[in-house]
Amino acid sequence: MWTRRAVTRLVWPLGACLACGGGERARPLRLATTTSVHDSGLMGVLGPAFTAASGRPVEVVAVGSKRAIELLATGQVDGAVTHSPVEEAQALASGRIGGRVPVMRNAYVLVGPAAAAGVVAGATDIRGALRAVAGSGRRFVARGDESGTHQRELQLWAAAGVPSESAFILRIHGSMAEALALAAREHAFTLSDRATFLARRGDLGLAVLFQGGSDLDNVYSVLEPAPQAGGDLDGARAFVEFLRSPAGRSLIGSFGVDTVGEPLFTPVE
């Protein structure tokens, strides 16, 4: 059923995972999540924890935010975790989705070779940093996949007054992890959510070169299905309730502390 190129599917069962009061297996809760939630490793924590708490297995497909909304609107998943506020608001206003609940946030960062830090050293905001990148002679790796990160890239280039079709921008139509890997190979810049970068920086040879400012705020929401889509609304709401519970908030807020020394996401109030 998944029609997008190069998606990732994960399933976390819980033992027999029997439906209450009977011998039937509970149907998996089908979730579409943005690739950054998967690439950072967070979904690998939240999925099993929700299964353990609810007795409900979780099936996940990792795609860009636009594709996640499409899957939800057409009844192919029961809920979606996305980070593209403009598209989310449009889908809600049009009735393509039934609800939107913010659950956590992190931030975008501009990353690139540590040796290129001087390129953006004088920038006071991300618009200035991007203009400096445009004039540096280096490449910029763009997601180009209609993900939430890609949509933010387009907004930021427009705000900076730089055409997003410029020759120095390399569009890959790939995930955040793929963009970071290519930026490392090309000694290029890219825009990343902070969580995925810190979780995967390893031997990439990239560093955070610019960060901070409201333009780089990155909010993740759980989207619920519209009635006509036929998704499992109760299941989607149960997932939201788990993420907003003390246990869920603790998992979100502590994720990354043991591995990179700081939280990678912050639960919203």
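R194 is partly exposed, with a relative accessible area of 22% (buried means under 20%, exposed over 50% and partly exposed in between, for a 1.4 Å probe and protein chains only). The model is predicted, so local features need pLDDT of at least 70 and side-chain atom pairs count only at pLDDT 80 or more, whereas totals for chains, interfaces and linings use all residues. Residues are numbered from 1 along each chain as its sequence is written, and side-chain values use heavy atoms, with hydrogens and water left out.

R194 forms a salt bridge with E262, and the closest N and O atoms are 3.2 Å apart (a salt bridge is a side-chain nitrogen of Lys or Arg within 4 Å of a carboxyl oxygen of Asp or Glu). This pair links distant parts of the chain, 68 residues apart: R194 is in helix α8 (residues 194–200) and E262 in the loop between α11 (257–260) and β11 (266–267). Helices (H or I, at least four residues) and strands (E, at least two) are DSSP runs, numbered from the N terminus. E262 is also partly exposed, at 28% relative accessibility.

The search of the whole structure finds 14 salt bridges. Among them, R127 pairs with D215, with the closest N and O atoms 2.5 Å apart. The relative accessible area is 27% for R127 and 31% for D215.

D145 and R143 form a further salt bridge, the closest N and O atoms being 2.9 Å apart. Both residues are buried.
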